[in-house]
Amino acid sequence: MADNDLKILICDDSLLARRALRENLKTLNCTNIFEVSDGQAAIDMYKQEHPDITFLDIVMPVKDGITAVKEICAYDKDAYLIMVSSVGTQAHLKEALKSGANDFIQKPATIEQLKAVITNAVTK
Amino acid sequence: MSKKDLYINELTSCLKEMVSEDLKAGAAAPLSDIPGGCYISQLIVGDYTAFTALYAEESALNGFASAYAKFDVSPDDRDEILADFLNMTNGRFAVLLSNSQSVECTLSVPEYKPPGTVTLRSDSVAIPVEFPFGSICFIFSE
């Protein structure tokens, strides 16, 4: 699958974080991008669009990212989920992976990190 | 170094890296009340708990948001941008605590513009920071 065919969902309550992630993904030829700003909206959008990669913040209103990951995994065990958080501690990393996320990135996500995520998602 | 001093160091680093090198940070001083409707706050919670916030006049908040975002921020988006700065700063502080002191924390969802005058905890300090676009006051209490 070419990168530009990937369907990507970004879930973050920060406008700036969504914008930065979208712009970086565009430089990697990913343009099929959907955005939401809370965990419940991510679950709803996931069920509607079935994205290839979903990026989720942890701390969000309505429903946090960890809960959203658990619910998405329960709905689709093959979901490819990446947690992106400003709190990049080992404890958060473990919690994210335990909840079902495939990887964890501390904000701000770099182009190199995103490239690795896309490669892993395409080859999994 | 106390956690408060660690926080102030991290805040200053974040301001220089993410907003502007052109700043002058004043000394931390006790603060009891701030006007409502003009500030954004976020709690650090877990093994260690702290209250963080920023407030300023409208024009300074606009200037700060645009300097941080690196584009002209619309009034509708401003508070979300300001909350993002608090979130990034507090996230880096949480990582620092975890790595240096094995203290594990997370962050609450930022709160926007509570109405009315806000009375702060007695140990609250304000750290005034002067920028070309105005003065921003950062608040911290443990």
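Author: From the N terminus on, chain A reads β-α-β-α-β-α-β-α-β-α, which comes to 5 helices and 5 strands. Keep in mind that this is a predicted model. As for overall shape, chain A has a radius of gyration of 13 Å, close to the 14 Å that the globule rule gives for 124 residues, so it is as compact as a globular protein of that length. Its C-alpha trace spans about 30 × 25 × 25 Å along the principal axes. Of the 124 residues in chain A, 46% count as buried. Among the contacts in chain A with a separation of 6 or more, 63% come from residues 24 or more positions apart.

Next, who are the neighbours? Strand β1 of chain A, residues 7-11, runs parallel to β3(A), and 4 bridges join the two. To find your place there, look for Leu9(A), which stands opposite Thr54(A). β3(A) also pairs with strand β4 of chain A, residues 81-85; these two are parallel as well, with 3 bridges between them. The handy landmark for that pairing is Phe55(A), which stands opposite Ile82(A). Getting from β3(A) to β4(A) involves helix α3 of chain A, residues 65-75, and together the three elements make a right-handed β-α-β unit.

Buried in α2(A) are Gly39(A), Ala41(A), Ala42(A), Ile43(A) and Tyr46(A).

Among the elements of chain A, α2(A) has the highest mean pLDDT, at 98, while helix α4, residues 90-99, has the lowest, at 89. For the model as a whole, the scores are ipTM 0.81 and pTM 0.88.

The contact between the chains takes 15 residues from chain A and 15 residues from chain B. On the chain B side, α3 (75-101) and β6 (105-107) each supply at least two residues. α3(B) gives the most, with 10 residues. Sorted by class, that side of chain B has 7 nonpolar, 4 polar and 4 charged residues.

What is chain B built from? It has 3 helices and 10 strands, in the order α-β-β-β-β-β-α-α-β-β-β-β-β along the sequence. Its radius of gyration is 14 Å, which agrees with the value near 14 Å for a compact globule of 142 residues. The box filled by its C-alpha atoms is roughly 40 × 30 × 30 Å along the principal axes. In chain B, 39% of the 142 residues count as buried, and 69% of the contacts between residues at least 6 apart in sequence join residues at least 24 apart. The mean pLDDT of chain B is 91, with 96% of the residues scoring at least 70.

One last stop in chain B is Ser102(B), which lies in the loop between α3 and β6. Those are the two elements that each supply at least two residues to the side touching chain A. Why does Ser102(B) count as exposed? Because it has 11 C-beta neighbours inside 10 Å, and the cut-off for exposed is 12 or fewer. Between its C-alpha atom and that of Leu15(B), 87 residues apart along the chain, the separation is 25 Å.

Conventions. Residues are numbered from 1 along each chain as its sequence is written. Chains are lettered from A and ligands numbered from 1 in the order in which they are written. This is a predicted model: local features need pLDDT of at least 70, side-chain atom pairs count only at pLDDT 80 or more; totals for chains, interfaces and linings use all residues. Two strands pair if DSSP finds at least two bridges between them. A crossover is right-handed if, with the strands pointing away from the viewer, the path from the first strand over the helix to the second runs clockwise. Two residues are in contact if their C-beta atoms, placed from the backbone, lie within 7 Å. Ala, Val, Leu, Ile, Met, Phe, Trp, Tyr, Cys and Pro count as nonpolar, Asp, Glu, Lys and Arg as charged, and the others, Gly among them, as polar. The radius of gyration is taken over C-alpha atoms; the globule rule is 2.2 Å times the number of residues to the power 0.38. A residue is buried if 20 or more other C-beta atoms lie within 10 Å of its own, exposed if 12 or fewer, and partly exposed in between; C-beta atoms are placed from the backbone. pLDDT is the predictor's confidence in each residue, from 0 to 100.
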